[in-house]
Amino acid sequence: MSELIRKTAAELADMLAAGETTSVEVTQAHLDRIAAVDGDAEAGVHAFLHVDADGALAQAAESDARRAAGESRHLLDGVPIAVKDVLATQGLPTTCGSRILEGWVPPYDATVVGKIKAAGLPILGKTNMDEFAMGSSTEHSAYGPTRNPWDQTRIPGGSGGGSAAAVAAFEAPLALGTDTGGSIRQPGAVTGTVGVKPTYGGVSRYGLVALANSLDQVGPVTRTVLDSALLHELIGGHDPLDSTSVDVPVGGFVEAARQGATGDLSGLKVGVIKELAGDGWQPGVMERFAETVALLKDLGAEVTEVSCPTFVHAMATYYLILPAECSSNLAKFDAMRYGLRVVPEGDPSAEAVMKATRDAGFGDEVKRRIMIGTYALSSGYYDAYYGQAQKVRTLISRDFAAAFEDVDVLVSPTSPTTAFPLGDKLDDPLAMYLQDLATIPANLAGVPGISVPAGLADEDGLPVGFQVLAPALADDRLYRVGAAVEAALTSRWGGPILAQAPTLEGPR
Amino acid sequence: MTEVLVPFDEVIAKYDPALGLEVHVELNTNTKMFCGCPAVFGGEPNTQVCPTCLGLPGAMPVVNGKAVESAIRIGLALNCSIAEWCRFARKNYFYPDMPKNFQTSQYDEPIAFDGWLDVEVEGETFRVEIERAHMEEDTGKSTHVGGATGRIHGADYSLVDYNRAGIPLIEIVTRPILVPAEKAPAVARAYVGQLRDLILALGVSDARMDQGSIRADVNLSLAPKGADKLGTRSETKNVNSLRSVERAVRFEMSRHAGILDAGGSVLQETRHFHEDTGTTSSGREKSDAEDYRYFPEPDLVPVAPSREWVEELRGTLPENPTQKRARLQEEYGFSDLEMRDVWAAGALPLIEATVAEGTAPQSARKWWVAELLRRANDAGVELAEVGVTPQQVAEVQALVDAKTINDKLARQVFDGLIAGEGTAAEVIEKRGLALVSDDGPLIAAIDDALAAQPDIAEKIRGGNHAAAGAVIGAVMKATRGQADAARVRELILEKLA
């Protein structure tokens, strides 16, 4: 196996710039890796739903031709990337992990996809996900689960398990994810990778097939904090096609990451969120978390405990707002214009076709949330459910605002547990939902968050994530703190955490 | 089910109506409400579409600023307050011509609210209170092919054109209009007509009811005279002419009365109006239980027009229609009676446009209110849609003034214009309608006429000039009307002097 796949995106960028390798070589190395380990629904990592070898190699060849002519569009020009299947890609299938969109090929690119194409990053393919991003294990994909490269009997997190596993399994140096309640950060935590949810509005959502519009955000999925910073700077910024995108300059993330990597956090005030601990939190997770907090102190940070009392209501709030929005978003899947069409026997009406298609095309978790959301928005229930949830959402934002008056960043474990066995929580939606306990508040408030590897839990030897949260538009703090933690821990471990992951054999 | 219709006179003796009008105005912005597609009428089906107005997965809306401006101007012209902060909301329901299966509309935060419009019927003014005017997007257009009714039930298949999906609409909703029963149909018509004129004056819409750029939904309920609460309403959708508004109200009053007289209760439902018969029929049932699950559109940021902007837009409003009407009556020298007829015919904007082309006001009035109104009524269309433009009326009158034609020939020119035979000059040419301008043939015709009636010549010579009328008549007949009667008279008198 080529050593190229072990390189970070930043290292590959330097090698390409120095003429030490070519984009075609790098891209081919990753395609070979995918062919070797990705397998399919039955076996292997199964991070990808669609691999575009020809397209990626063509883009790589164009990148090499540019380099040869002395041109480069971006630092990452020629570095390949994987894209979560919830982002529209012109000419490439986009299924959102759902049968209802099987075979749909968008006629347009999501803004972020347009940006990575314009910068010259070859797109390796589309990554697996829970259907319409609903889930924390990628088991709700209609096309079969993704498996955790650390232990293929376990979940890779979700909904973006495909992007995280692709990066963890060295199938891609970079990936795009989306995070509605933790779908970038929790998979990052359980696969030993880095995932960032930017400030709401920091990255365009145009072309992101919405789960919950007021919560969704596109973000980087990588193996290092610096790589996330590079990718974040590329995809961020105002988009006239997304009126919720913020019109402020993007930047300073790479600089913050480089500064953090020097290991000096003196003067930084860190708040440990009191409410995100206790019963149900895996001891090995809490141990790695406590060690990392101690590490921050060693690096000069001032650490205090902070209370955010409304966070205990975040889960209930989230599971009203999200289903409400998604019940409406998913109404467009009606067999009239695109996607699956199921025509019942006889001479069915348009309404009967819609019903049959939606019945066949949506999985159980999707139907569950459509029903909850429809109920929560119903006349007579709106105030008690959706209306009340919006009020609590405001209170959660106020808890964040109050906390950020005293501290620069807040920290918690990213997820209460390490990767659990496939199938373990499929029959218990509430247990599945609890995976996102620590990540959801940031989405409700629109603030940014990062998950960085904090080591392996003693009891199962599986990765644990450390979450850092910052005020809206202060994403640079995530990179400073994240890079400092990463540098100190990598040094302690004697190398990146993924060096400790088992060597992947081919699926057969 | 056979309906029992109560004669209108009996309805008004027993019941009081409550009217409610919802008028949808299609704006004439260059682009759609939430995307950059052209917002124009016509076009090959599904050629003016993009990911956003087709509702493709991932596409997002962006508000058209020009549409917001038009909405505010309409609101101001209707004496409404303009919201300092308002949001769009999703109205959720499934229908094949709705790309997203929700309509992006406004719910409890309309851009304009609490206004009024004074409407006049037969010299009496009624104030119609406006509850709200809100912004929304149009749906696509379904065509049901096969089947007898042209409706979805019984059709072989249906086609959907999404060119219309996303065209900006302003929906203007009245509060219940409580007017004397006998006036209700006329007030409904006058309100929609005056609203249309106002929209035209604002320049924010083509305001063509025949093309659906203004569509009225008529809500009506009846309650026994003196009752202290309103009855159950029906909603008649997409009534697309002023005349139909009036007929729909009349029909629904008669139908409701039939049900109530029989001790029945009116079903709250949507009804369709039929132009050909002037009747309504039941559409999809709509009850209070229909739940649109409105919630604020999370893909759009709130609209917060600054007070400075609102005041700036107030400065762009056209003259208040009531004041304008008084001013024009004064300028044109119309009597009150003439003005009432002009108003009732909806002819004032047409006369104004004709006068602007250089025609004398009384001539313009004569053509529109006498000649063309009769033709419009015969054809069952609005005066504005009779098929003759103000420019054409001005051309015809200019030809009359130049003695190329006379009034009688002018009527034939209008026939030709309505039949699409080209310009006025072309119609005259093709139909050979020009007056005989050469005296030679006229003198010959006069000689013939005098020879045929020698006693008349004697009378005229004797000073009885009125007797010339008989000769003129004969000459007109001989020239098939293409003689200038005044000239013929001059020639007769010259000859016999």
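A residue is counted as buried if 20 or more other C-beta atoms lie within 10 Å of its own, as exposed if 12 or fewer do, and as partly exposed in between. By this rule B:Leu317 is partly exposed, because 14 other C-beta atoms lie within 10 Å. The structure described here is a predicted model, and B:Leu317 is placed in the loop of chain B between helix H5 (307-314) and helix H6 (321-332). Leaving aside neighbours within four places in sequence, B:Leu317 is in contact with B:Arg73, B:Leu76 and B:Ala77. B:Leu317 and B:Ala201 are 116 residues apart in sequence, while their C-alpha atoms are 8.7 Å apart in space.

The model as a whole scores ipTM 0.95 and pTM 0.88. For chain B the mean pLDDT is 90, and 97% of the residues in this chain reach 70 or more. Chain B contains 16 helices and 14 strands. Along the principal axes, its C-alpha atoms fill a box of roughly 90 × 55 × 50 Å. Of the 497 residues in chain B, 41% are buried. Among contacts in this chain between residues at least 6 apart in sequence, 69% join residues at least 24 apart.

B:Ile167 is buried, because 26 other C-beta atoms lie within 10 Å. Not counting residues up to four places away in sequence, B:Ile167 touches B:Glu26, B:Lys32, B:Met33, B:Ala39, B:Glu137 and B:Asp138. B:Ile167 and B:Gln323 are separated by 156 residues in sequence and by 33 Å in space, C-alpha to C-alpha.

Helix H4 of chain B spans residues 242-261 and has 20 residues. From its first C-alpha to its last, H4(B) reaches 29 Å, close to the 28 Å expected at 1.5 Å a residue. H4(B) is mostly covered, with 14 of its 20 residues buried. B:Gly263, which follows H4(B), has a positive phi near 80 degrees.

Chain B also holds an open sheet of 3 strands in the order E4-E3-E14, with antiparallel pairing. Strand E4 (102-105) and strand E14 (295-296) stand at the edges of this sheet, and each has a single partner strand, so one side of each is left without a neighbour in the sheet. Strand E3 (residues 89-92) is joined to E4(B) by 4 bridges, and the two strands run antiparallel. B:Ala89 stands opposite B:Ser105 in E4(B).

In chain A, strand E5 (residues 194-197) has A:Val194 and A:Val196 pointing one way and A:Gly195 and A:Lys197 the other way, and all are buried. E5(A) pairs in the antiparallel sense with strand E6 (residues 218-222) of chain A over 2 bridges. In this pairing A:Gly195 stands opposite A:Val221 in E6(A). E5(A) also pairs in the antiparallel sense with strand E10 (residues 449-456) of chain A, over 3 bridges. Here A:Val196 stands opposite A:Ile450 in E10(A).

Helix H16 (residues 475-493) of chain A includes A:Asp476. A:Asp476 is buried, because 21 other C-beta atoms lie within 10 Å. Apart from neighbours within four places in sequence, A:Asp476 is in contact with A:Gly252, A:Phe253 and A:Ala256. A:Asp476 and A:Leu87 are 389 residues apart in sequence and 25 Å apart in space, C-alpha to C-alpha.

In soluble globular proteins, nonpolar side chains tend to be buried together. The largest nonpolar core in the model has 239 residues, of which A:Ile81, A:Ala257, B:Ala71, B:Ile111, B:Ala133, B:Ala188 and B:Tyr191 touch the most other members. Helix H3 (residues 184-202) of chain B gives the most to this core, with 10 residues. Leaving aside neighbours within four places in sequence, B:Tyr191 is in contact with B:Leu21, B:Leu117, B:Val119 and B:Val128. A second, separate core of 47 residues includes B:Val369, B:Leu435, B:Ala468 and B:Ile492.

The contact between the two chains takes 24 residues from chain B and 33 residues from chain A. On the side of chain B that touches chain A, 15 residues are nonpolar, 4 are polar and 5 are charged.

How values were computed
Residues are numbered from 1 along each chain as its sequence is written. Chains are lettered from A and ligands numbered from 1 in the order in which they are written. Two residues are in contact if their C-beta atoms, placed from the backbone, lie within 7 Å. The expected span of a helix is 1.5 Å times one less than its number of residues. Ala, Val, Leu, Ile, Met, Phe, Trp, Tyr, Cys and Pro count as nonpolar, Asp, Glu, Lys and Arg as charged, and the others, Gly among them, as polar. pLDDT is the predictor's confidence in each residue, from 0 to 100. Two strands pair if DSSP finds at least two bridges between them. A nonpolar core is a set of buried Ala, Val, Leu, Ile, Met, Phe, Trp, Tyr and Cys residues joined through C-beta atoms within 7 Å.
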